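Trainee: I am new to this structure and would like to go through it step by step. Could you start with the terms I need before we look at any part of it?

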Amino acid sequence: MQSPAAEMDFHAARALLEWQMEMGADEPIGEAPVNRYALAVEAPKAARDVPPASAAPPTEAPVRRAEEVDRLAAARRAADASADLAALATAQAAYDHCDLKKGARNFVFADGNPAARVMVIGEAPGRDEDLEGRPFVGRAGQLLDRMFAAIGLSRTAPDAETALYITNVLPWRPPGNRDPDPQEIAMMLPFLTRHVDLADPDLIVLMGNTPCAAALGTRGILRLRGKWTEAFARPALPMTHPAYLLRNPAAKREAWADLLEVKARLGG
Ligand code: URA
């Protein structure tokens, strides 16, 4: 008979694992539970902690560093070889070194009009974006659409002057919507850099901490927001993320001031 684990699909297995972690399990030890009361008396601690003389020296750290270098080099090669946005999307979707890909339902590349003068860079897909395969389609995305509509920009506009182009630092949803980690950001940065080069916007909006970490190498969005800087060799304005604005409506006033900055910079 097949074990229940063997019948389980990836998403069910992940949901089970997340539940176990919420219950406090923090370390995988073995396939089956062990009744430690029934075990023979353990060896004294000193004897347990001394590795046998023949034990190999630890090699994990250097190997991991080498793997990271390879993953970055592979990302750079794939991104740099992409001649247009369609090729870049294909190359990024095919990139197999980011574990987030295994847990995601969809690859989320971009939305809107690539000819737009304004490119918005968000953090990573959430649940709704993962289901739909498009960035910013959940509640935060709807707020983002309303915010930019207020200065006359829309992702559905056909002309570059009033259009918006939207992407994220990561194209795959992190489990449980956790923050992207620095390795994931570093791995996706060559793709994001090429994405900006190919779309060639006049200015960039960095929505939240993750795009600031990726593009500016720093975090602290409440300090950075509203101050023009340079990212990917063009003007960039950090703004608070619409998800933050949903939780902190009082911050919408500052976000409005930032949107007016964007409008003024576009000359409108
Ligand atoms: N938040 C983001 O940063 N990006 C999305 O696509 C959705 C929510």
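Mentor: Let us begin with how helix axes are compared: axes are lines fitted to C-alpha atoms, for helices over the stretch in contact, and angles run from 0 to 180 degrees between N-to-C directions. Please keep in mind throughout that this is a predicted model.

Trainee: At roughly what angle do the axes of helix α5 and helix α9 cross, and are the two helices roughly parallel or roughly antiparallel?

Mentor: Helix α5 spans residues 85-94 and helix α9 spans residues 182-199, and their axes come within 10 Å while crossing at roughly 170 degrees. Angles over 145 degrees count as roughly antiparallel. The crossing therefore makes the relation of α5 to α9 roughly antiparallel.

Trainee: Which residues of α9 meet α5, and how many residues of that contact are charged?

Mentor: From α5 the contact takes in Leu85, Leu88, Ala91 and Gln92, and these meet Met188, Phe191, Arg194, His195, Leu198 and Ala199 of α9. Sorted by class, the residues of the contact of α5 with α9 comprise seven nonpolar and two polar, and the number of charged residues is one.

Trainee: Which element supplies the largest share of the lining of the largest cavity?

Mentor: Searching the whole structure gives one cavity of 30 Å³ or more, and the largest cavity holds about 60 Å³ of space. Its lining includes Gln92, Met188, Phe191 and His195, together with others such as Val108 and Thr167. At least two lining residues each come from β3 (164-168) and α9, and the largest share, four residues, belongs to α9.

Trainee: How many residues in the lining of the largest cavity are charged?

Mentor: Among the residues that line the largest cavity are Phe109, Asn168, Val169, Leu170, Pro171 and Leu192. Divided by class, the lining of the largest cavity has eight nonpolar and four polar residues, while the count of charged residues is no charged residues.

Trainee: Which elements do the buried residues of α10 pack against?

Mentor: In helix α10, which covers residues 209-216, the buried residues are Thr210, Pro211, Cys212, Ala213 and Ala214. After α10 comes Gly217, which has a positive phi near 75 degrees. The partners against which the buried residues of α10 pack are β2 (118-122), α9, β4 (203-207), α11 (221-224) and β6 (234-239).

Trainee: Which element gives the most to the lining of the second largest pocket?

Mentor: The second largest pocket contains about 650 Å³ of space, and of the 29 residues that line this pocket, the closest to its centre are Glu123, Ala124, Ala140, His241 and Ala243. Two or more lining residues come from each of α7 (127-132), α8 (139-149), α10 and α12 (242-247). By class the lining has 11 nonpolar, nine polar and nine charged residues. The element that gives the most, with four residues, is α12.

Trainee: Is Phe136 buried or exposed?

Mentor: Phe136 lies in the loop between α7 and α8, and its phi is positive, about 50 degrees, although Phe136 is not a glycine. Residues under 20% relative accessible area count as buried. Because Phe136 has 6% relative accessibility, it counts as buried.

Trainee: What is the relative accessible area of Phe232?

Mentor: Phe232 is placed in the loop between β5 (229-231) and β6, and although it is not a glycine, Phe232 has a positive phi of about 50 degrees. Phe232 is buried, and its relative accessible area is 15%.

How values were computed. Residues numbered from 1 in each chain as written. Predicted model: local features only at pLDDT ≥ 70, side-chain atom pairs only at ≥ 80, totals over all residues. Heavy atoms only, no water. Parallel < 35°, antiparallel > 145°, perpendicular 65-115°, else oblique. Contact = heavy atoms within 4.5 Å. Nonpolar A, V, L, I, M, F, W, Y, C, P; charged D, E, K, R; others polar. 1 Å grid on protein atoms, 1.4 Å probe; cavity = no way out; pocket = protein on both sides within 12 Å on 5 of 7 lines; lining within 4 Å. Points joined across faces, edges and corners; volume = space filled by probe spheres on them. Buried < 20%, exposed > 50% of the residue type's maximum accessible area, 1.4 Å probe, protein only.
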